[in-house]
Amino acid sequence: MIAFLGQGRMGAPMARRLVDAGHKVTTWRRGSGTSAADAVEGAELVITMLSDPAAVREVLTAALPGLRPGATVVEMSTIGPEAVRELRALLPASAGLVDAPVLGSVGPAADGTLTVLAGGDLSACREVLAVFGSVRELGPLGAGAAMKIAVMSALVPAQVLLAETFAYGEAHGVDRDALAGVLSGTPLGTLAERLRVPSAETRYSLAHAAKDLELGAWAGATMATAARARLQEARAAGLGERDLTAIAAHTAVSRTESKAVPLNLPVIPATNGMYSHAVRVGDMLYVSGQAAFDEQGHIVGEGSMTAQAEHVFQVIARILADQGATFGDVAFIRTYLTDMDARAEYGAVRRRYITGTPPASTTVEVSKLFMPGLLLEVDLIVALPG
C-alpha cells in the first residue's frame, strides 16, 4: 500500500497515476479531516509532495505515530539537501528515505512524463517512481534535492532575465512579438516563447519559483539572488498563485515606492475578513496575532497550552516560509497568555522553534482572547531576507 501526502496542483494528478497503475493508495491533504498518521498506517511506501521544507517537516512529524516499521519515505517536494538531512534525523532508523523531486508541471504530472531526480537507495521504490516518468538515479541521499535546486537556479533566473528583456523592449518601442521572434533563434528561444504571452493557467507558480530560489541562491550567486528579489517583490504584490510567466507583466510596471501589501495564505486557516494574516511593507513583514484554530474555526488543543502553542508556531512557520523567511529573521515577538502560570509550557514549545539569540520579545497576561477557550495569541515583526 502507498500513502500519498500531497497538496497543490501536482499532488492530485500524481496520486491518480498511482491508482491507474494498479496501486492501492491512501491520500492525505490539508483540511481533509484525515490525520497524516491515519493516512500512512500500514503503508510500505509514503510519498510526500508538499509546498516547502516547513510543511514537509510538519506533516511527517504528524505522520510518525502511524508510520510502519521498515516503511520507505519518498520525499518528492523541492526542499533542498539540507532539509533532506533534517528529515533523515527526524525519521526512525528503521525507515528508508529517498529524495526524488521532479522536473515538470501539471501536464507532465498527469501524463507521466515528469523527470524524477532521485537520491538514495531506490530498491523499495524504483518501479513506483517510474509511474511518474523518467527516473534519473543521481547518487546518495540528498543528490536529487541538490540537482533540483541547481537546475532551478538556472531556469528561474533565465525567465526573470527575459521578463526584464521584454520590459526594456516595451520601454523603447520594440514590438513584443518581433522581439520574441528574434529570441526564438537563440538558445533562449523556448523560454522567450513562454513569456511572449504569460500563461493564464498556473503550471509552476511564482511563489514556488521564489521558494526554489530562496533555497538555492547562495551568497555568491549574484544572478539567482537578484532574480529572487524580483520574485519576492512580485509575490508580495499578490502574484504568488499566478504562473511564473506573470513576472513579465509585473516587471513591465515601474514600482518607485514601497507600499503595504496584505498577504492571505491558502495554506493556513482563513481569516474572518476583518484582518489579513500578514502585511508586507518593503523588506518588513508584520504578522497578525495567530491563535490555535483550524479550517472550520474550531479550537485546536482545547485546554492544553502545549498543543495550542505547537499549532500556533506551525502556522507561523508556514507564513514565514511563504515569504522566504525563518524564525531566525524574527525581529520582535509578542505573546498574549490568558494564564501567566502556563508560560513555562509555552516557553518549552517556543524554544523548539526560536533557537540561538532570541529576538526582542514581550509577553503579557490578558483576561480573555477573541474566542473562548483560546489560551494564547502571538504576533510578530519580521525582517525579511534581502
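Mentor: Ala, Val, Leu, Ile, Met, Phe, Trp, Tyr, Cys and Pro count as nonpolar, Asp, Glu, Lys and Arg as charged, and the others, Gly among them, as polar. The model is predicted, so local features need pLDDT of at least 70 and side-chain atom pairs 80 or more, while totals for chains, interfaces and linings use all residues. Residues are numbered from 1 along each chain as its sequence is written, and side-chain values use heavy atoms, without hydrogens and water.

Trainee: How do the residues lining the second largest pocket divide by class?

Mentor: That lining has 15 nonpolar, seven polar and nine charged residues. A pocket is an open set of points on a 1 Å grid where a 1.4 Å probe fits, with protein on both sides within 12 Å along at least five of seven lines; lining residues have an atom within 4 Å of a point.

Trainee: Which residues lie nearest its centre?

Mentor: Pro 53, Ala 54, Arg 57, Glu 86 and Thr 326 do, out of 31 lining residues.

Trainee: Changing topic, is strand E3 mostly covered or uncovered?

Mentor: Strand E3 (residues 45–49) is mostly covered, with five of its five residues buried, meaning under 20% relative accessible area. Strands are DSSP runs of at least two residues, numbered from the N terminus.

Trainee: And which residues are on each side?

Mentor: Leu 45, Ile 47 and Met 49 are on one side of E3, with Val 46 and Thr 48 on the other.

Trainee: What pairs with E3 over five bridges?

Mentor: Strand E1 (residues 2–6) does, in the parallel sense; pairing requires at least two DSSP bridges.

Definitions and conventions: Buried means under 20% relative accessible area, exposed over 50%, partly exposed in between (1.4 Å probe, protein chains only). Helices (H or I, at least four residues) and strands (E, at least two) are DSSP runs, numbered from the N terminus.
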